[in-house]
Amino acid sequence: MVRGMTITITTSNVNGIRAARRKGIAAWAGANTPDVWCMQEVRAPQEEIDPIFAEFGAEYATAGKIGDQGELSAMNEVCRVKGRAGVGLLSDLPVIDRRYGLPGLDEDVDSGRWIEADVRTPQGYVITVACVYVHAGNSDDEIKMTQKYRFLDTMLIRLGQLRDEAASGGRQAVLCGDFNIAHTPLDIKNAKANEKHAGFLPEERAYVDRWLGEYEFVDVMRDLAGDIQGPYTWWSQRGRAFDNNVGWRLDYQFATPELAQTARGFVIDKAPSYDARWSDHAPLTITYDV
């Protein structure tokens with residue numbers, strides 16, 4: 001198979017992979033075949049994830065993305081709290097190394113939220129792709145906010161390591177996932193009404209400021225889109241939020257500067273109608289020329 005020099009990386013919160021499968025996610029996989037696909041909120045036991053990932057592999061083979069004998073490289077981590085979180089990563093590019101979990105976090109509620117794959121691009125570079133699912137939090141629940149801030153604080157350590165490695169000529173990195181934070185008023189339809197709600201608290205948004213400032217990561221979609229309202233990636237299931245585009249941008253790709261500079265375009269694949277959705281999040285795909 002002749003492969004182009006660009007690669008596509010998708011991040012999508014699947015809102016339960018079993019439910020997404022019933023709603024048509026496999027057809028989406030066959031139509032889009034991203035080179036690296038990061039999934040959050042998989043929320044299934046391993047024995048049910050494996051056949052669904054195999055089904056995605058069959059879709060890629062049918063689409064000619066991998067040979068008949070070829071397989072997608074797959075990795076995932078199931079959350080130790082049943083029915084919660086869970087992250088997965090599929091790649092049709094060679095995976096050189098895999099890491100599970102965020103070092104320093106060992107509580108059950110923090111599992112199934114962070115995995116990393118070192119992936120070799122067609123041009124021979126190795127990049128680190130992290131699949132991330134940050135706690136949602138709840139501003140009325142102190143325990144849940146404590147869990148979210150603890151996760152975000154621990155993330156900073158790993159971000160510093162990835163930044164330093166990239167800056168010293170090592171692997172570039174991209175963090176893909178549902179970060180459960182809308183960064184600025186451009187990232188949320190009703191900013192004023194949500195200033196005291198989890199996901200748009202000033203304390204949460206300050207972490208993203210630090211990622212982009214002190215830690216030198218680039219919000220790749222925003223960099224490509226410019227200072228426009230949205231586009232959003234999540235819409236509440238309640239009311240007519242989806243139909244009226246009352247959304248939040250919670251799904252991001254944060255890349256180290258050199259990798260971010262190779263980004264050529266993005267797509268947020270919002271379903272054409274409410275009943276055509278397989279998740280309450282839309283997939284974010286970015287094309288990189290690496």
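Q: What should I know before reading the values?
A: This is a predicted model, where local features need pLDDT of at least 70, side-chain atom pairs count only at pLDDT 80 or more, and totals for chains, interfaces and linings use all residues. Residues are numbered from 1 along each chain as its sequence is written, and side-chain values use heavy atoms, with hydrogens and water left out.

Q: Which residues touch the most other members of the largest nonpolar core?
A: Ile9, Val36, Leu89, Val129, Val174 and Tyr288, out of 39 residues in that core. A nonpolar core here is a set of buried Ala, Val, Leu, Ile, Met, Phe, Trp, Tyr and Cys residues joined through side-chain atoms within 4.5 Å. Buried means under 20% relative accessible area, exposed over 50%, partly exposed in between, with a 1.4 Å probe and protein chains only.

Q: And which strand gives the largest share of this core?
A: Strand 7 (residues 126-133), with four residues. Helices (H or I, at least four residues) and strands (E, at least two) are DSSP runs, numbered from the N terminus.

Q: What is Val36 in contact with?
A: Leaving aside neighbours within four places in sequence, the contacts of Val36 include Ile9, Leu89, Val119 and Val129. Contact means heavy atoms within 4.5 Å.

Q: Which residues of helix 2 are buried?
A: In helix 2 (residues 25-32), they are Ile25, Ala26, Trp28, Ala29 and Gly30. These buried residues pack against strand 1 (7-13), helix 1 (17-22), strand 2 (36-40) and helix 3 (46-62). Thr33 follows helix 2 and has a positive phi, near 35°.

Q: Switching to Thr121: buried or exposed?
A: Buried, with a relative accessible area of 3%. Thr121 is in the loop between strand 6 (114-120) and strand 7. Beyond four places in sequence, Thr121 is in contact with Ile7, Ile127 and Val290.

Q: How many aromatic pairs does the structure hold?
A: There are 13. Rings of Phe, Tyr and Trp (its six-membered ring) pair if their centres lie within 6.5 Å; planes under 30 degrees apart count as stacked, over 60 as edge-to-face and the rest as tilted.

Q: Why is the pair of Tyr252 and Phe254 stacked?
A: Because the ring planes of Tyr252 and Phe254 are at 15°, with the centres 4.9 Å apart. Both residues are buried.

Q: Which residues do ring pairs link into a cluster?
A: Trp28, Trp37, Phe53, Phe56 and Trp278.
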